[in-house]
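Please look over the following note on a ligand site and its surroundings, and check each point against the model as you read.

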Amino acid sequence: MPPVPGSAELAALEATIAGNLATVRARIERAARSAGRHPEDVRLVAVSKTFPAAHVRAAFAAGQVDFGENRVQEAFGKMDETSDLPVRWHLVGHLQSNKARKAAVRFACIHSIDGVPLLSAVDRAADAQGTRPELLIQVDLAGEATKHGATPEALGGIFDAAAACRAARVVGLMVLPPWPEDPEDVRPYFRRLRELRDRLHADGVPADRLRELSMGMSRDLEVAVQEGATMVRIGTALFGPRHV
Ligand SMILES: *Cc1c(COP(=O)(O)O)cnc(C)c1O
């Protein structure tokens with residue numbers, strides 16, 4: 001990670017990130033309007049992974065409240081360093097069940113639930129500790145053995161288990177498609193996630209368990225918003241390229 005900046009660097013960092021935030025918000029707004037959607041129905045999750053707490057503070061100062069991390073341990077460090085700020089932390093990366101207990105306390109939203117065992121572990125931990133995290137079911141639409149996520153066929157059983165949760169609340173679906181050559185290449189994945197949501201609803205899953213579609217990153221947020229994203233996870237376009 002870069003060294004902790006001095007005050008002149010901090011001011012420059014804040015100006016840069018505030019400008020990037022405005023640009024990303026304008027992209028979301030334009031894409032939403034082009035699809036006949038309300039921009040306020042799309043939540044921006046700022047993915048701060050690999051960047052230090054100073055970047056979180058700078059974005060928070062510019063009005064950003066939702067932040068995403070993909071590694072639990074790295075996230076906990078940044079949470080500690082920004083504990084004076086009312087940040088909403090999202091886990092967008094894989095969660096191992098041995099970290100479910102701590103994750104259930106410290107993340108407002110976990111985007112990477114991939115099956116009933118992890119769902120149950122997070123729910124038990126949340127119930128024991130009095131938290132009510134929001135959970136998204138990550139769906140593997142590419143069928144790549146290396147990717148995490150539940151197969152579409154497994155979703156019925158996962159939503160049955162969601163109905164029995166006592167503390168955690170399943171609120172939707174997430175997809176992380178293969179890295180695209182062209183942003184248009186990912187449109188079928190986003191469309192498929194929306195269609196899966198519609199099918200689950202038709203099969204009787206209540207709408208409040210399906211209200212969020214977490215899809216879209218820096219390169220393809222327009223396509224995701226056009227296809228119905230309610231959360232976009234944006235790193236590079238806000239904080240710059242990652243060097244680690
Ligand atoms: C890193 C990451 C992002 C952000 O990607 P950018 O291309 O930098 O916007 C989004 N989602 C997940 C799951 C990630 O790990």
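1. In the side chain of Thr236, an N or O atom lies 2.6 Å from an oxygen atom of the ligand, a polar contact in the sense of a pair of N or O atoms within 3.5 Å. Taken alone, the ligand would expose 390 Å², and the protein buries 94% of that area (accessible areas by the Shrake-Rupley method with a 1.4 Å probe).

2. This is a predicted model, in which local features need pLDDT of at least 70 and side-chain atom pairs count only at pLDDT 80 or more, whereas totals for chains, interfaces and linings use all residues. Residues are numbered from 1 along each chain as its sequence is written, and side-chain values use heavy atoms, with hydrogens and water left out.

3. Ser218 places a polar side-chain atom 2.5 Å from an oxygen atom of the ligand, while Gly235 has a polar backbone atom 2.8 Å from a ligand oxygen atom.

4. Which residues are around the ligand? With a heavy atom within 4 Å as the criterion, they are Val47, Lys49, Val92, Met217, Ser218, Arg233, Ile234, Gly235, Thr236 and Arg242. By class, this shell holds 4 nonpolar, 3 polar and 3 charged residues, with Gly counted as polar.

5. The ligand sits in the largest pocket, in that more than half of its atoms lie within 2 Å of the grid points. A pocket here is an open set of points on a 1 Å grid over the protein atoms alone, with protein on both sides within 12 Å along at least five of seven lines. This pocket has a volume of about 460 Å³, and its lining of 20 residues includes Lys49, Asn70, Leu176, Met217 and Arg233, which lie nearest its centre. The lining divides into 6 nonpolar, 9 polar and 5 charged residues.

6. There is also 1 cavity of 30 Å³ or more, a cavity being a set of grid points where a 1.4 Å probe fits but cannot get out. The largest cavity has a volume of about 50 Å³, and its lining residues (an atom within 4 Å of a point) include Gln138, Asp140, His148 and Leu176. By class, that lining has 7 nonpolar, 2 polar and 3 charged residues.

Notes:
A polar contact is a pair of N or O atoms within 3.5 Å; within protein, one must be able to donate a hydrogen and the other to accept it, and residues adjacent in sequence count only if both atoms are side-chain atoms. Grid points are joined across faces, edges and corners, and a volume is the space filled by probe spheres set on the points.
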